[in-house]
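Hi everyone, thanks for coming. I'd like to walk you through a few residues, so let's bring the model up.

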Amino acid sequence: MFGIRADVLCYAAAMMLQFGAGGMEIEHFWTIEPVEYTMEGLFTRTAIGVNGQWPIPGIEATIGDTLVIHATNKLNEPTTLHSHGLFQNGTVFYDGAYMVSECGIAPNSSFTYRIPLQQAGTYWIHSHSKQQSTDGLRTSLVIRDPREQYEFDEEIILTLQDWFRQPAREMLKQFRSPDPRVRFTPAVPYGIIGGECANRKRLLFKPNRTYRLRLINIGSSFDFHFSIANHVLRLIEVDGVLVRERLTHGVTIGVGQRASVLVTAMNSTDYNYEFRADMYTDLLQMPRYNPLNYTGVVQYSEGAPLKSDSCERWLCINDLDLEPLDDEPVLEPTTFISLDAYSGVFSDQTFRHSFNNHSYAPPKIPTALTALSMAAQERAYDPAVYGPQTNAYVLRHMDVVQITLTNHDYYSHPFHLHGHTFQIIEIGSLRSRQSKLSMSSPVRRDTFVLKGGHYAILRFRADNPGVWLFHCHINWHIDLGLAMTFIEAPELMPKVPEMLRENCIAQGIPTGGSSEQDNEPTPYTDQFESYDPPSGWKLVSYILNGNYDSS
């Protein structure tokens with residue numbers, strides 16, 4: 001029972017008493033395979049779908065259930081499934097991080113993910129192998145709580161995603177180029193809103209009813225800004241964490257982030273109203289296409305006149321203004337880590353991203369298997385055994401970790417921590433040295449957008465034995481090295497599922513041992529890009545997290 005959070009145990013016990021031991025088993029059989037998808041007559045390309053479908057249908061469950069996904073891989077490369085936002089407390093080997101918690105599912109092989117659902121909220125599932133999520137292996141995951149804290153009449157799950165004409169592997173070659181003229185050759189994305197081509201989506205409202213909109217950015221690269229003309233949004237959840245209701249006209253959702261808003265419908269059907277899901281593409285340096293304005297219709301009556309919002313500049317709520325409903329106090333840190341995010345040309349003549357000048361690359365042995373085997377040799381607390389390319393930090397059980405995170409790039413990074421949520425303590429600007437502190441009970445998220453030229457202080461408790469990635473969730477950036485690994489209480493990690501070992505053996509991957517001999521590209525001196533933008537380029541993206549901050 002070591003390593004299971006006390007609050008989770010108490011809640012699980014209460015759920016068993018109220019709803020029956022163990023809940024239901026939510027079972028899905030997924031064949032992961034290439035699927036041809038036509039973008040509303042614009043173009044056809046191969047996506048990675050499930051059971052012949054794309055977009056992939058979402059999964060819905062209730063807290064206390066067990067999610068079981070029998071995944072069969074029909075791709076020509078290994079694949080994984082990561083349940084983004086789930087703590088996986090006691091089930092680290094089902095976290096789905098390629099060469100971190102598993103070897104991946106070998107081609108023409110299968111693996112069963114069996115995950116007790118110990119938390120309610122809005123989440124999503126995606127591949128954590130290569131660029132498969134960019135190519136479509138992603139969908140929503142919603143876990144409901146029968147004891148809802150907020151009242152509403154109906155619920156709408158709205159996924160937001162970018163979609164490219166080119167396969168991800170071709171684009172990744174471009175992004176690795178040391179020549180910025182090649183690296184930033186425009187690749188204009190398309191938008192898919194709620195599973196439909198952007199500008200086609202309709203949300204059906206009835207007068208005087210209150211709707212919970214679950215907004216999920218399952219895309220690969222860009223932030224979305226969501227609003228509804230003439231309607232007020234009441235923000236109640238971020239990344240699975242319920243917060244005290246805050247009124248706003250719009251919500252910013254970075255890659256990997258989720259938000260729930262309550263919207264009370266108008267009292268008449270005289271008009272329909274435009275909703276906006278604007279995509280901000282600052283990453284690709286294309287001011288002409290930044291933002292890409294996508295709209296849909298909140299429909300009260302078919303054929304009714306459409307009202308649009310004339311306001312082009314609205315403010316969102318800042319993360320530091322949010323308060324969690326559970327009033328968790330500020331954690332007092334015991335361990336301090338500084339992470340500096342840079343990008344530049346490395347010794348292998350490719351453009352890469354890095355933390356503290358270490359550009360992540362997957363080790364030859366999954367980090368979790370190294371941790372288990374090294375624990376037997378009493379070497380699991382030596383970061384060297386995990387290899388230099390994993391940028392490993394080893395934490396003791398129940399350490400309170402403070403991360404000082406600095407973004408030296410001029411564009412934003414959405415940083416995601418596996419296995420945890422973190423408190424957002426402070427955010428500040430490197431240029432102006434202005435900063436803002438959180439409240440006495442800071443909001444928690446698992447994905448946080450840090451603007452270019454800014455820093456943030458984050459804290460979490462190491463109460464979940466396992467191996468957990470911390471990385472930028474722009475898919476190109478994690479493949480280019482913007483990731484690191486927390487090895488947490490390795491002596492308390494659970495046993496390895498036999499099916500996972502079989503997938504490793506099928507691919508000739510060792511099921512234990514050290515990765516000390518792995519090599520790592522090194523940065524060229526003075527090759528890092530600063531947060532100063534290219535000449536003549538306007539920083540329109542700096543409205544992230546609700547701040548129009550050009551400092």
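Let me start with a question: is Thr447 buried or exposed? Thr447 has 0% relative accessibility, so it counts as buried (buried means under 20% relative accessible area, exposed over 50%, and partly exposed in between, with a 1.4 Å probe and protein chains only).

A quick word on the source: this is a predicted model, where local features need pLDDT of at least 70, side-chain atom pairs count only at pLDDT 80 or more, and totals for chains, interfaces and linings use all residues. Residues are numbered from 1 along each chain as its sequence is written, and side-chain values use heavy atoms, leaving out hydrogens and water.

Back to Thr447, which sits in strand E30, residues 447-450. Strands here are DSSP runs (E, at least two residues), numbered from the N terminus. If we set aside neighbours within four places in sequence, the contacts of Thr447 include His84, Asp239, Arg258, His416 and Phe422, with contact meaning heavy atoms within 4.5 Å.

Now for some backbone geometry. Most residues other than glycine have a negative phi, and most peptide bonds are trans. Have a look at Trp54 to Pro55, though: that peptide bond is cis, with omega near 0°. Pro55 belongs to the loop between strand E2 (44-50) and strand E3 (59-62).

Next, Lys130 has a positive phi, near 50°. You'll find Lys130 in the loop joining strand E7 (121-126) and strand E8 (138-144), and its relative accessible area of 47% makes it partly exposed.

Finally, Asp327 has a positive phi too, near 55°. Asp327 lies in the loop between strand E21 (306-307) and strand E22 (335-345), and at 40% relative accessibility Asp327 is partly exposed.

Key. Helix = DSSP H or I, 4+ residues; strand = E, 2+ residues; numbered from the N terminus.
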